[in-house]
Amino acid sequence: MPSSFASGCNVLIQGSSRGIGLEFVRQLLGDAAPGRIFAACRAPQASPSLVDLAAQDPRLGLLKLDVTSEPSIRAAAASVAAEVPRLHLVVNCAGLLHDRAAGIAPEKRLADVESDALMASFAVNAAGPLLVARYFEPLLAHAERAVFASISARVGSIGDNRLGGWYAYRGSKAAQNMFTKTLAIEWARSRRNVICVALHPGTTDTELSRPFQANVPPQKLFSVERTVAQLLAVIDRLTPADSGRFLAWDGTGIAW
Ligand SMILES: NC(=O)c1ccc[n+]([C@@H]2O[C@H](COP(=O)([O-])OP(=O)(O)OC[C@H]3O[C@@H](n4cnc5c(N)ncnc54)[C@H](OP(=O)(O)O)[C@@H]3O)[C@@H](O)[C@H]2O)c1
């Protein structure tokens, strides 16, 4: 657990059924510091790993939350508020790059662009974290240090876009980044305890990246264990001056 958070701090990991989000839950449970850890995802009972972890540690609470459903976000926030008065760390992990069942795949060219895929990507990647902020904000309204982090992606950087392609993912991650920055500006005025950042995890061995790993050199493909340890170290070092920044796994800044 990041040492900059006090013992008894409460955490929400959103998008925790698998991949990076699940590993955040695992590593945070490996530390004695957190009071409660809430793991939110669309179908917690369908994630055997989450169910096992919850059976082993009473600090873990499983929450149903679909970022594309505003009522489900509102209800999840109400469930957390019924159990704890405040949160100290919120990490938005849910993300969409491809979904075979829904016919969503990263576009190679303009002719591949489809409205449904664009809308689904924007709903999950961009609107999702912002709506989570909207409904969980009251739990961040306190005087203690708090971090609101959204896992973004370097390919969402407009300044760093050299290859093109992946319209829906790039565009929705760029929108997620804009929402993060805009929220950080608002919270710098109204919620000065909250540090609000976008984080790039590095290419990580999960279902999301699996179809695209062929050209990634082994040393640049991180395990989820490595990625989450690195991101927790970045989160630990954040200061209020970092709020509104887009940071990579090694703490370096990325161009918007
Ligand atoms: N892996 C990489 O190389 C990489 C690189 C850069 C950025 N990222 C970013 O890192 C984050 C985590 O990605 P990952 O690699 O861990 O992906 P992953 O293994 O595919 O996991 C994606 C997560 O998002 C959840 N999700 C999808 N749609 C959702 C919805 N409507 N509501 C709630 N949850 C939803 C999934 O839950 P279900 O089980 O319900 O589908 C799952 O828990 C994403 O934001 C991704 O864009 C990843």
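Two rings of Phe, Tyr or Trp (for Trp, its six-membered ring) form an aromatic pair if their centres lie within 6.5 Å; a pair counts as edge-to-face if the planes are over 60 degrees apart. By this rule the structure, which is a predicted model, has five aromatic pairs.

**Stop 1: an aromatic pair**

Select Phe-222 and Trp-249 and display their side chains. The two ring centres are 4.8 Å apart and the planes meet at 80°, so this pair is edge-to-face. Where in the chain do Phe-222 and Trp-249 lie? Phe-222 belongs to the loop between β6 (194-200) and α6 (224-237), while Trp-249 belongs to the segment after β7 (246-248), so the pair ties together parts that are 27 residues apart in sequence.

Trp-249, with a relative accessible area of 25%, is partly exposed.

**Stop 2: charges over rings**

The charged end of Arg-226 sits over the ring of Trp-249, at 5.9 Å from the ring centre. Then move to Phe-5 and Arg-145. Here Arg-145 lies over the face of Phe-5, 4.8 Å from the ring centre.

**Stop 3: the loop between β5 and α5**

Select Trp-166, Tyr-169 and Phe-212 together; these residues form one aromatic cluster. Trp-166 is located in the loop between β5 and α5. Its relative accessibility is 27%, so Trp-166 counts as partly exposed. Look also at the backbone here: phi of Trp-166 is near 55°, a positive value in a residue other than glycine. Most residues other than glycine have a negative phi.

Remain in this loop and select Leu-163, which lies between β5 (146-151) and α5. Is Leu-163 buried or exposed? Leu-163 counts as exposed because its relative accessibility is 80%, and the class of exposed residues begins over 50%. Leu-163 and Ala-175 are twelve residues apart in sequence, and their C-alpha atoms are 18 Å apart in space.

**Stop 4: His-200**

Select His-200, which has its place in strand β6. With a relative accessible area of 12%, His-200 is buried. Show Gly-202 as well: a polar atom of the His-200 side chain lies 3.3 Å from the backbone nitrogen of Gly-202.

**Stop 5: the ligand**

Finally, select the ligand and the residues around it. Which residues come nearest to the ligand? Of the 27 residues around the ligand, the nearest are Ser-17, Arg-18, Arg-42, Tyr-169 and Thr-206. By class, the shell around the ligand consists of eleven nonpolar, eleven polar and five charged residues.

Now display the backbone atoms of Cys-93, Gly-95 and Ile-151. A backbone N or O atom of Cys-93 is 3.1 Å from an oxygen atom of the ligand. A polar backbone atom of Gly-95 lies 3.2 Å from a ligand oxygen atom, and for a polar backbone atom of Ile-151 the distance to a ligand oxygen atom is 3.4 Å. Taken alone, the ligand exposes 890 Å², and the protein buries 92% of that area. To end the tour, colour α1 (19-29) and α5 (167-190), the elements that give two or more residues to the shell around the ligand.

Key
Residues are numbered from 1 along each chain as its sequence is written. This is a predicted model: local features need pLDDT of at least 70, side-chain atom pairs count only at pLDDT 80 or more; totals for chains, interfaces and linings use all residues. Side-chain values use heavy atoms; hydrogens and water are left out. A residue is near a molecule or strand if one of its heavy atoms lies within 4 Å of it. A polar contact is a pair of N or O atoms within 3.5 Å; within protein, one must be able to donate a hydrogen and the other to accept it, and residues adjacent in sequence count only if both atoms are side-chain atoms. Accessible areas come from the Shrake-Rupley method with a 1.4 Å probe; for residues, only the protein chains shown count as cover. Helices (H or I, at least four residues) and strands (E, at least two) are DSSP runs, numbered from the N terminus. Ala, Val, Leu, Ile, Met, Phe, Trp, Tyr, Cys and Pro count as nonpolar, Asp, Glu, Lys and Arg as charged, and the others, Gly among them, as polar. Rings of Phe, Tyr and Trp (its six-membered ring) pair if their centres lie within 6.5 Å; planes under 30 degrees apart count as stacked, over 60 as edge-to-face and the rest as tilted. Buried means under 20% relative accessible area, exposed over 50%, partly exposed in between (1.4 Å probe, protein chains only). A charge sits over a ring if NZ of Lys or CZ of Arg is within 6 Å of the ring centre and within 35 degrees of the ring normal.
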